[in-house]
Amino acid sequence: MITFPCAKINLGLNIVAKRDDGYHDLETVFYPVPLTDALEVKLMDEQFPSEVACDLKVTGNAIAGDEQQNLVCKAYNLLARDFSMPRVHAHLYKRIPSQAGLGGGSSDAAFMIRLLDERFRLNIGNAEMERYAAQLGADCAFFITAEPSFATGKGEILAPVDTPQHNLSGYFLAIVKPPVAVSTADAFKNIVPKKPAKCCRDIVRQPIATWKEELTNDFEQSVFAVYPELGDIKRTLYAQGALYAQMSGSGSSIFGLFKQRPDELEKLFPDAFVYVAQL
């Protein structure tokens with residue numbers, strides 16, 4: 001059985017308060033985009049010599065590390081505590097770049113929960129799957145339905161949003177991810193929480209032409225100070241005709257929304273991961 005975990009972008013991202021537990025409350029609109037990984041699960045033969053119940057192989061745009069620490073395995077182990085499931089082989093083909101602010105790892109975890117629920121007829125239901133997913137990461141719950149959502153709390157409290165899809169449909173999305181890794185923890189250290197003048201949920205209901213002046217990502221100022229090349233990418237996207245451009249999450253991807261397909265980006269950013277698709 002195979003599924004295709006999607007990436008997300010943040011349409012606005014505001015850090016509004018410091019919590020007593022050390023985390024931060026935020027406001028953002030999560031928006032799914034068609035950049036995907038591929039995740040396949042097969043039953044493990046009873047005779048296969050494996051010390052783990054979820055044998056994971058990661059290929060494609062993979063990063064080094066203990067694959068048992070991958071969120072795909074953690075998702076399996078989380079459900080296995082409450083449900084009886086057979087051992088499985090999982091193959092994750094990574095296309096979504098890591099440390100990019102695109103939610104690739106969180107999406108892989110949530111789609112693994114969805115896949116296991118369907119494959120083994122666990123009948124968990126979306127609300128319960130979201131609760132499981134939230135235990136794995138702040139934005140994991142969003143990917144259970146992967147529908148445009150207004151997120152609050154740490155990112156796990158989701159509400160329907162009057163989606164900007166009627167605005168974005170037909171536009172071109174460009175994502176540029178340079179070879180830069182931004183530490184989310186470090187990004188938060190430089191944030192001074194504040195309530196925005198206008199909530200991002202309300203701004204995305206407006207025409208895209210108004211977003212440039214009002215829709216903000218609070219991480220940009222401090223992250224761009226450390227990595228000025230990210231600010232350069234954003235300015236280049238505007239120079240190429242983007243109606244709106246922003247860093248996604250805490251970086252390091254910068255995305256732009258265009259009326260016409262931008263065809264020169266790969267030449268302009270030869271060392272970066274560049275993705276362009278029509279929404």
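1. Helices (H or I, at least four residues) and strands (E, at least two) are named here as DSSP runs, numbered from the N terminus. With element names used in that sense, β2 (6-18), β3, β6, α2 (104-119) and α6 (184-189) each contribute at least two residues to the lining of the largest pocket. The model is predicted, and the points below should be read with that in mind.

2. The largest pocket. Its volume comes to about 1,300 Å³. A total of 48 residues line this pocket, and those nearest its centre are Leu71, Gly103, Ser106, Asp139 and Thr184. Of these, Asp139 is placed in the loop between α3 (126-134) and α4 (142-145). Asp139 has a relative accessible area of 16% and is therefore classed as buried, the limit for that class being under 20%.

3. Nonpolar cores. Which residues touch the most other members of the largest nonpolar core? They are Leu11, Trp211 and Leu237, in a core of 54 residues. Because domain 1 (2-160) and domain 2 (172-278) both give residues to this core, it lies between them. Another core, of 37 residues, lies apart from it and includes Leu78, Leu136, Ala146 and Ala151.

4. The Lys94 salt bridge. The structure holds 14 salt bridges. In one of them the side chains of Lys94 and Asp37 meet, with an N to O distance of 2.6 Å. Lys94 belongs to strand β6 (residues 88-94) and Asp37 to the loop between β3 (24-36) and β4 (38-43), so this pair ties together parts that are 57 residues apart in sequence. Are the two partners buried or exposed? Lys94 is buried at a relative accessible area of 7%, and Asp37 is likewise buried, at 1%.

5. The Arg19 network. Salt bridges link Arg19, Asp21 and Asp25 in a network. Within it, the bridge between Asp25 and Arg19 has its closest N and O atoms 2.9 Å apart. Asp25 is partly exposed, with a relative accessibility of 23%, and Arg19 is partly exposed at 24%.

6. The Glu264 pair. Glu264 and Lys267 also form a salt bridge, in which the closest N and O atoms are 3.8 Å apart. That distance should be read against the cut-off of 4 Å for a salt bridge. Glu264 is partly exposed, its relative accessible area being 37%, whereas Lys267 counts as exposed at 66%.

7. Cysteines. How many disulfides does the structure have? The count is zero. For a pair of cysteine sulfur atoms to qualify, they would have to be within 2.5 Å. The cysteine sulfur closest to that of Cys6 belongs to Cys140 and is 12 Å away, which is too far for a bond. Cys6 is buried at 9% relative accessibility, and Cys140 is buried with a relative accessible area of 0%.

8. A cis peptide bond. The peptide bond from Gly251 to Ser252 is cis, and its omega is near 15°. Ser252 sits in the loop between β10 and β11. Ser253 is found in the loop between β10 (244-247) and β11 (254-258) as well, and Ser253 is buried, with a relative accessibility of 1%. Ser253 and Ala272 are 19 residues apart in sequence, and their C-alpha atoms are 9.7 Å apart in space.

9. Positive phi angles. Where does Gln99 lie? Gln99 is in the loop between β6 and α2. Although Gln99 is not a glycine, its phi is positive, at about 50°. Gln99 is exposed, its relative accessible area being 54%. Asn123 is a further residue other than glycine with a positive phi, near 55°. The loop between α2 and α3 holds Asn123, which counts as exposed at 68% relative accessibility.

Note on methods: Residues are numbered from 1 along each chain as its sequence is written. This is a predicted model: local features need pLDDT of at least 70, side-chain atom pairs count only at pLDDT 80 or more; totals for chains, interfaces and linings use all residues. Side-chain values use heavy atoms; hydrogens and water are left out. Buried means under 20% relative accessible area, exposed over 50%, partly exposed in between (1.4 Å probe, protein chains only). A nonpolar core is a set of buried Ala, Val, Leu, Ile, Met, Phe, Trp, Tyr and Cys residues joined through side-chain atoms within 4.5 Å. Domain bounds come from an automatic or database domain assignment. On a 1 Å grid over the protein atoms alone, a cavity is a set of points where a 1.4 Å probe fits but cannot get out, and a pocket is an open set with protein on both sides within 12 Å along at least five of seven lines; lining residues have an atom within 4 Å of a point. Grid points are joined across faces, edges and corners, and a volume is the space filled by probe spheres set on the points.
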